[in-house]
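This briefing is for a reader who has not seen this structure before. Please look at the sequence and the model first, then read the points below.

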Amino acid sequence: MRLHLCAVGRLRAGPERALVDEYLARLERTGRPLGLGPATEHEVEDRKGGGMAAEAALLSRAIPEGAALCVLDERGKTLSSPEFAQALAQWRDAGRQDAALVIGGADGVDPGLRARADLVLSFGRMVWPHMLVRVMAAEQLYRAATILAGGPYHRL
């Protein structure tokens, strides 16, 4: 199952970019034998100032047709890492070809796009900057692959 990290905004060179690149490279090595990956980033920017609705339109174009959709939002479910790994495995095992994790802009994700999600996921009740959410999402994708592989990275 191909993985897509769809985010509003560009992640410039720096520590966050290095971390995302590192976790996605680890995911590539660990996830491919499990049928997870490759992971691709899709960055969108609303240059016309259309707000959440315009961002949702750009994000929707980045999400592959038929993809399992996971929207990251502070109002979503809080899952453990093993539970998130199970969600990915269930989508994969159900024959989904793609899964997209969506990270909104400063105002979050448009309610219409959020309503389409298979899973609305929260990294806690706190609000995080989107660049850190992207790092955490990349890390959780890698962690999910290690959990499904039975590897030592995640200790229960």
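This is a predicted model: local features need pLDDT of at least 70, side-chain atom pairs count only at pLDDT 80 or more; totals for chains, interfaces and linings use all residues.

In which strand does Asp 73 lie? Asp 73 lies in strand β3.

**Asp 73**
- The relative accessible area of Asp 73 is 6%, so this residue is buried, the cut-off being under 20%.
- Beyond residues up to four places away in sequence, Asp 73 touches Val 109, Arg 114, Val 120, Leu 121 and Ser 122.
- One of these contacts, Leu 121, is 48 residues from Asp 73 in sequence, yet the two are 5.9 Å apart in space, C-alpha to C-alpha.

**Arg 134**
- Helix α5, which spans residues 130-149, contains Arg 134.
- Arg 134 has a relative accessible area of 1% and is therefore buried, as the value is under 20%.
- Not counting residues up to four places away in sequence, Arg 134 touches Leu 5, Ala 7, Val 8, Gly 9, Arg 10, Leu 11, Arg 17, Val 20, Glu 41, Glu 43 and Ile 103.

**Leu 27**
- Leu 27 is found in helix α1, residues 15-31.
- Leu 27 counts as buried because its relative accessibility is 1%, which is under 20%.
- With neighbours within four places in sequence left aside, the contacts of Leu 27 are Leu 3, Arg 32, Leu 36, Ala 39, Leu 141, Tyr 142 and Ala 145.
- Thr 40 is 13 residues from Leu 27 along the chain, and the C-alpha atoms of the two are separated by 11 Å.

**Helices α3 and α5**
- The axes of α3 and α5 come within 9 Å and cross at roughly 80 degrees.
- Angles of 65 to 115 degrees count as roughly perpendicular, and α3 and α5 are therefore roughly perpendicular to each other.
- On the α3 side, the residues that meet α5 are Ser 81, Pro 82, Phe 84, Ala 85, Gln 86, Leu 88, Ala 89 and Arg 92.
- On the α5 side, Gln 140, Leu 141, Arg 143, Ala 144, Ile 147 and Leu 148 meet α3.
- The contact of α3 with α5 is made up, by class, of 9 nonpolar, 3 polar and 2 charged residues.

**The largest pocket**
- The volume of the largest pocket is about 330 Å³.
- This pocket is lined by 20 residues, of which Leu 72, Glu 74, Val 127, Trp 128 and Val 133 are the closest to its centre.
- Strand β3 (68-77) and helix α5 each supply at least two residues of the lining of the largest pocket.
- β3 gives the most to this lining, with 4 residues.
- The lining of the largest pocket divides into 10 nonpolar, 6 polar and 4 charged residues.

**The second largest pocket**
- The second largest pocket has a volume of about 160 Å³.
- It is lined by 13 residues, and those closest to its centre are Leu 79, Ser 81, Leu 121, Phe 123 and Gln 140.
- Both α3 (81-93) and α5 supply at least two residues each to the lining of the second largest pocket.
- The largest share of this lining comes from α5, with 5 residues.
- By class, 8 residues of the lining of the second largest pocket are nonpolar, 4 are polar and 1 is charged.

Methods: Residues are numbered from 1 along each chain as its sequence is written. Side-chain values use heavy atoms; hydrogens and water are left out. Buried means under 20% relative accessible area, exposed over 50%, partly exposed in between (1.4 Å probe, protein chains only). Contact means heavy atoms within 4.5 Å. On a 1 Å grid over the protein atoms alone, a cavity is a set of points where a 1.4 Å probe fits but cannot get out, and a pocket is an open set with protein on both sides within 12 Å along at least five of seven lines; lining residues have an atom within 4 Å of a point. Grid points are joined across faces, edges and corners, and a volume is the space filled by probe spheres set on the points. Ala, Val, Leu, Ile, Met, Phe, Trp, Tyr, Cys and Pro count as nonpolar, Asp, Glu, Lys and Arg as charged, and the others, Gly among them, as polar. Axes are lines fitted to C-alpha atoms, for helices over the stretch in contact, and angles run from 0 to 180 degrees between N-to-C directions. Angles under 35 degrees count as roughly parallel, over 145 as roughly antiparallel, 65 to 115 as roughly perpendicular and the rest as oblique.
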